[in-house]
Amino acid sequence: MRWHDEPLLTVDHLSMRFGGLVAVNDLSFTVGRGDITALIGPNGAGKTTVFNCITGFYKPTSGRMALAHGGKMPAESVDALTRTDLRRTHGASPELFLLERTPDHAIASEARVARTFQNIRLFPGMTVLENLIVAQHKTLMAASDYSLGGLLGFAKYRAAEKKAIDLARAWLEVVGLIDRADDPAGDLPYGAQRRLEIARAMCTNPVLLCLDEPAAGLNHRESAELTRLLRGIRAQTGVSILLIEHDMSVVMDISDHVVVIEYGVKIADGTAEGVKNDPKVIAAYLGVDDSEVRTNTGSMAP
């Protein structure tokens with residue numbers, strides 16, 4: 001189990017409070033390197049709050065979120081980081097990031113954590129291709145010397161622009177949208193917009209891809225296509241995927257590892273099969289006390 005033996009992300013005693021409301025309470029889990037990990041739970045469980053902490057939209061009230069790029073994350077290195085000067089914003093090396101101390105913009109650009117949203121956030125007036133080029137703005141801005149080189153058409157900028165277009169077109173091939181490259185993104189069908197948003201996130205070259213309900217609003221065929229797409233992206237790039245999803249057929253079909261939370265507290269953590277049969281998980285979804293649920297029920301089966 002890679003989430004035990006080779007974690008990419010370690011979330012340790014994470015808590016997030018909004019005044020007197022405790023949205024996430026002492027939550028710990030890991031995301032294995034190259035795993036597809038599902039974070040599930042009933043509505044209002046705190047899943048999106050966890051995502052917002054990992055991706056820098058919120059700074060947690062307490063806890064640690066350590067992301068290691070290369071190789072394993074030695075326990076002694078992580079322990080040492082907890083004793084470092086809190087004024088530091090990054091980890092002890094370029095390979096290790098403490099996300100709670102990392103500026104929000106650097107979580108995407110340096111720690112290489114990308115995300116999509118439950119409500120699609122494309123640029124509808126831009127073309128499909130332009131949406132993917134925009135995702136590479138940091139590289140393009142650096143190559144343009146922050147506008148001057150782009151305005152004057154410096155060779156360095158032209159080379160970077162060609163590379164950005166080539167990468168964008170490659171991802172459009174992967175998600176099956178190359179024929180719509182010059183169409184406005186807002187003209188795409190809903191399922192295609194979902195795929196485009198994933199392709200845009202992948203254009204940032206993430207090590208961790210966070211997907212907030214990627215199957216929301218999709219029909220059964222589109223959900224099956226999404227499952228195949230995510231498996232293909234993981235196989236092709238090695239990216240680790242952390243997803244929030246309510247479609248249990250998608251979760252059970254695609255996940256290497258499932259973490260279940262209720263009212264901001266973890267109630268189960270393990271394989272999809274093990275979690276599916278956990279009485280606490282069944283009780284949480286059925287809205288009954290877990291003492292009323294038989295351990296052999298199949299209510300969570302897709």
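Where does Met126 lie? Met126 is in the loop between strand E6 (113-115) and helix H5 (128-134). The model is predicted.

**Surface patch.** Met126 counts as partly exposed because its relative accessibility is 31%. Together with Phe123 and Val134, Met126 forms a nonpolar patch on the surface. The accessible area of these residues together is about 210 Å².

**Aromatic pairs.** The count comes to 2 aromatic pairs.

| Pair | Centre to centre | Angle between planes | Type |
|---|---|---|---|
| Phe18 and Tyr58 | 5.3 Å | 75 degrees | edge-to-face |
| Phe57 and Phe117 | 5.7 Å | 85 degrees | edge-to-face |

Phe18 lies in strand E1 (residues 7-18), and Tyr58 in the loop between helix H2 (47-54) and strand E4 (62-68), so their pair ties together parts that are 40 residues apart in sequence. Phe18 is partly exposed, with a relative accessible area of 35%. Tyr58 is also partly exposed, at 29%.

Phe57 lies in the loop between H2 and E4, and Phe117 in the loop between E6 and H5, so this pair ties together parts that are 60 residues apart in sequence. Phe117 is buried, with a relative accessible area of 16%.

**Charges over rings.** Arg115 lies over the face of Phe57, 5.0 Å from the ring centre. Arg121 places its charged end over the ring of Phe117, 4.0 Å from the centre.

**Ser109.** Helix H4 (residues 104-109) contains Ser109. A polar atom of the Ser109 side chain lies 3.1 Å from the backbone oxygen of His105. Ser109 counts as partly exposed because its relative accessibility is 29%. Pro206 is 97 residues from Ser109 along the chain, and their C-alpha atoms are separated by 8.7 Å.

Conventions: Residues are numbered from 1 along each chain as its sequence is written. This is a predicted model: local features need pLDDT of at least 70, side-chain atom pairs count only at pLDDT 80 or more; totals for chains, interfaces and linings use all residues. Side-chain values use heavy atoms; hydrogens and water are left out. Patches are made of residues with over 30% relative accessible area and no salt bridge: like charges are joined within 9 Å, nonpolar side chains (Val, Leu, Ile, Met, Phe, Trp, Tyr) within 5 Å. Accessible areas come from the Shrake-Rupley method with a 1.4 Å probe; for residues, only the protein chains shown count as cover. A salt bridge is a side-chain nitrogen of Lys or Arg within 4 Å of a carboxyl oxygen of Asp or Glu. Helices (H or I, at least four residues) and strands (E, at least two) are DSSP runs, numbered from the N terminus. Buried means under 20% relative accessible area, exposed over 50%, partly exposed in between (1.4 Å probe, protein chains only). A polar contact is a pair of N or O atoms within 3.5 Å; within protein, one must be able to donate a hydrogen and the other to accept it, and residues adjacent in sequence count only if both atoms are side-chain atoms. Rings of Phe, Tyr and Trp (its six-membered ring) pair if their centres lie within 6.5 Å; planes under 30 degrees apart count as stacked, over 60 as edge-to-face and the rest as tilted. A charge sits over a ring if NZ of Lys or CZ of Arg is within 6 Å of the ring centre and within 35 degrees of the ring normal.
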